[in-house]
Each structure stands twice: as C-alpha cells, then as structure tokens.
Amino acid sequence: GKLFKVAVLPGDGIGPEVMAEALRVLDAVEKRYDVTFERTHANVGGAGIDLEGRALPETTVNICKASDAILFGSVGGPKWETLPPDEQPERGALLPLRKIFGLYANLRPAIIFPSLTSASSLKEEVIAGGFDILVIRELTGGIYFSQPKGIEGEGRNRVGVDTMRYSVPEIERITHVAFQAARKRGKKVCSIDKANVLSSSVLWREIVINIAKEYPDVELSHMYVDNAAMQLVKWPKQFDVILCENMFGDILSDEAAMLTGSLGMLPSASLAEGTFGMYEPSGGSAPDIAGQGIANPIAQILSAGMMLRYSFGMVEAADAIDQAVAKVLDGGYRTRDIYQEKAGEKLVNTKEIGDAIIANL
Ligand code: NAD
Ligand code: IPM
Ligand code: MN
C-alpha cells in the first residue's frame, strides 16, 4: 500500500482536542483504504515556547521538511500575548511556516451543509438551496510580510508601520490558482481589492484582468472589499470563487465561515507549488472554550480530508470524509457552536461527534 508522511502540529488551545479527532479519522481511513499515514508529532506555537523555548523549534521545521504534508491545529492564546511580537505563536511560528514552505495559496471552502441552514446567521430564505463559496487567499505576501514593518522611534514619537506590497509574479500565480479552481466548479471569479485607494490593488486588478484573458470560459468580476463584506451577507449565492490578497482574505473567510453556521466548520488548505501543503482549520485556538472538550472538530477533520485530496490524490477517501460529516449533521449531531435546541438535535462533545463521523465513514 501507499505510505504518506504527515507532520502533526496540534498547537494550543482547542488545537490538540480537535486534532485528536482528525487523527482518529485518519486511523479509520487507514483501515478502509490501502494506505498508511506515518505521523510525527511536533511542538508549535505556545506548546513550542513552553516545551522547547521557541514558537517554531528547529526540530519541528525539520520534521515538516521530512514530511509529505503538515496537519496543523491552531496556535496562540492569552498566555503568550505579552511576549515580543516576533516570538509569539502567530508571528513566530504560523507565519514563518507559511513562508518557509512557500504556501502562497490558501483555499477556504465555505459550503453550507443542508441540515445546517438554520444555524447560519443569515435568514433561511437568503440561504435556501445552499451556497458553495471558495475563498482563495494569497498567503505569503501583502501587508502580513512586506517591509518595512515594525514600531519605529521612542515613546510618544513611536510609529507603527506595516506595508502592503505585491509583485507581478505574486499576483499572477495566485490568480492562476483561482481561475483553475473556478474552471472545475462554477466558472466565476470575483476578485476583491481596494483599487480606489491602494496602489497594490491597482496593480492587482490590472494583473488579474490580464491573466483572465487566458481563461475565456471563466467569468471575471471585481469588487471593492468593503462592498464584498456587505454582499457576502446580503446574497452569498452570487459568489463562486473569491480571489483575495492576504488580509482581505483573512477577514472575508471568517465572515464566509459564519454564514455556514460556525467558524468551527471551515477547513483550509495552504498549498505550495507541487503537492506539499499545510492543512488547518480557518479558526483559531478558541481560548474561551479550550480544555472543555466541547470544540467542534469538523474544521480539523475536513482539513485532514483536504490533505488527502490535494496532497495525496486520495479523492475517494476525501469525498467519504465530506459525506460522513454531512450524514452526521443530517443525523442531528451538534457541538455547542452549532446547537440550536431544535427537535431532532443531539448536543454532543468533541469526541462524540468524532465517534459519529468515524461510524459513518
Ligand atoms: P478564534 O477563531 O480562536 O475564536 C473565535 C470564536 O470562534 C470563539 O468564540 C471560539 O470559541 C469560536 N470557535 C473557533 N473555532 C471553534 C471550534 N472549532 N468550535 C467551536 N467554536 C469555535 O479567534 P480569536 O478568539 O480571535 O483568537 C484566539 C487565538 O487564536 C489568538 O491567539 C489568535 O491569534 C489565534 N488564532 C490562530 C489561528 C491559527 O492558528 N490558524 C487562527 C485564528 C486565530
Ligand atoms: C488565520 C489566522 C492567522 C492569519 C493568524 C493567527 C496569524 O487568523 O489563519 O486566518 O491572520 O492568517
Ligand atoms: Mn484568520
């Protein structure tokens, strides 16, 4: 059978709790398909700081380099928020991982499961019939990474500086990812920018228009990010693929997630050239509910499914995971974040919904 090496980085807060369920799903996939997932656990984020003295220990980077993919939980929390910014879990581990492995294409599919239409924060008539949005977020450029960056000067004279830069090749490659994805689905790309204000957006729009000429079968539209935030809650069905620079994609993907019922439902794939990728929930370490065993593990489980689909070419197993999740939701299983006290719903904890998903695989 096939063997894939997976670096397992659970991280902080609910990370380890939801990761445990995703790993049990991988165990179940091993039993049903002729495959072995050789897993190596490594510390990252606050766990890296506490156990090895830094957010991204060298051993962790090396384990990732020796793997076919990274399965990532989430990092961060109040305990580490007073450290110097570059030593904190987010800027000291998550962002460097994205950069080191060239993970420039972040795919965040916001799909509403039919049985969850009433869990969405939108009115049922707005989402009737469902929607299927793929947010494609540029992940290694823009305001997150550009120089100069930092706090300059002293005392009251200090100035906080961030810079948003995009080069032509950076815009080109993420635009190709968006159009190629659109080709395989609704054949529409909506490119998000702020070209009425930002120079990086003026260039972004110009390049997107150029690349679009190579995809005459895909319809291109443009939207300012403020309008896009509004249109998402007004009529999400108008969107197919949403193409964004890094920070706009961060913000709009959380918004899209909530339309599906909970941030705990939204997986993500961060892809490099080739088949290597990092797979993680779009949400964070949820310190408000960590340690209680009640977090929704579906985003983490669907992220593992995306790993099978995009890095390992295991489309059938990935589909089986998506279907098992849908069945469990149809069966009324709900973690607290998607529970609405309606007839037919069963309030369950992290492990119980994991059990149900595995039973339906
Ligand atoms: P968050 O995503 O952790 O939480 C936002 C809200 O969503 C909370 O109410 C939380 O309980 C809920 N939520 C998120 N995931 C859930 C799940 N699986 N099940 C049920 N409810 C869930 O965002 P935040 O509170 O802004 O950030 C908390 C920490 O996480 C910060 O340190 C932040 O930097 C970090 N963070 C990390 C990542 C990552 O590692 N990829 C992503 C986002 C935030
Ligand atoms: C995400 C998170 C990260 C981001 C943070 C934790 C650095 O919000 O993955 O969406 O902003 O990219
Ligand atoms: Mn985010």
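Domain bounds here come from an automatic or database domain assignment. Keep that in mind, as domains come up at once. First, some ground rules. This is a predicted model, where local features need pLDDT of at least 70, side-chain atom pairs count only at pLDDT 80 or more, and totals for chains, interfaces and linings use all residues. Residues are numbered from 1 along each chain as its sequence is written, while chains are lettered from A and ligands numbered from 1 in the order in which they are written.

So, the domains. The protein chain is assigned domain 1, made of 1-106 + 268-361, and domain 2, covering 121-259. Their C-alpha centres lie 24 Å apart. Where do they touch? Ten residues of domain 1 are in contact with 14 residues of domain 2. In contact means that the C-beta atoms, placed from the backbone, lie within 7 Å.

On the domain 1 side, helix H4 (89-100) and strand S4 (105-111) each supply at least two residues. Helices (H or I, at least four residues) and strands (E, at least two) are DSSP runs, numbered from the N terminus. H4 gives the largest share of that side, three residues. By class, that side has four nonpolar, four polar and two charged residues. For the classes, Ala, Val, Leu, Ile, Met, Phe, Trp, Tyr, Cys and Pro count as nonpolar, Asp, Glu, Lys and Arg as charged, and the others, Gly among them, as polar.

Now the record. UniProt, in an unreviewed entry, lists residues 5-357 as "domain: Isopropylmalate dehydrogenase-like". UniProt positions are in the numbering used here, feature names are shortened, and annotations may be inferred rather than shown by experiment. Over residues 5-357 the chain is 40% helix and 19% strand. The end C-alpha atoms of that stretch are 23 Å apart.

Next, the ligands. Ligand 1 is surrounded by 23 residues, and the closest are Ser 74, Gly 76, Gly 264, Gly 283 and Gly 284. A residue counts as near a molecule or strand if its C-beta atom, placed from the backbone, lies within 6 Å of it. This shell holds ten nonpolar, nine polar and four charged residues.

Which residues are around ligand 2? They are Gly 76, Glu 90, Leu 94, Leu 95, Asp 250, Ser 282 and Gly 284. H4 gives the most to this shell, three residues. The classes are two nonpolar, three polar and two charged.

The unreviewed UniProt entry lists Asp 226, Asp 250 and Asp 254 under "binding site". They are spread over 29 residues of sequence, yet they cluster in space, with a largest C-alpha distance of 14.4 Å. Asp 226 sits in helix H8.

Let's stay with H8. The axes of H8 (residues 225-234) and H9 (residues 246-259) come within 10 Å and cross at roughly 10°. Axes are lines fitted to C-alpha atoms, for helices over the stretch in contact, and angles run from 0 to 180 degrees between N-to-C directions. H8 and H9 are therefore roughly parallel to each other. Angles under 35 degrees count as roughly parallel, over 145 as roughly antiparallel, 65 to 115 as roughly perpendicular and the rest as oblique. Their contact has eight nonpolar, no polar and one charged residues.

Last, two backbone details. Most residues other than glycine have a negative phi, and most peptide bonds are trans. The bond from Gln 147 to Pro 148 is cis, with omega near 0°. Lys 187 is not a glycine, but has a positive phi of about 60°.

Technical notes: Contact = placed C-beta atoms within 7 Å.
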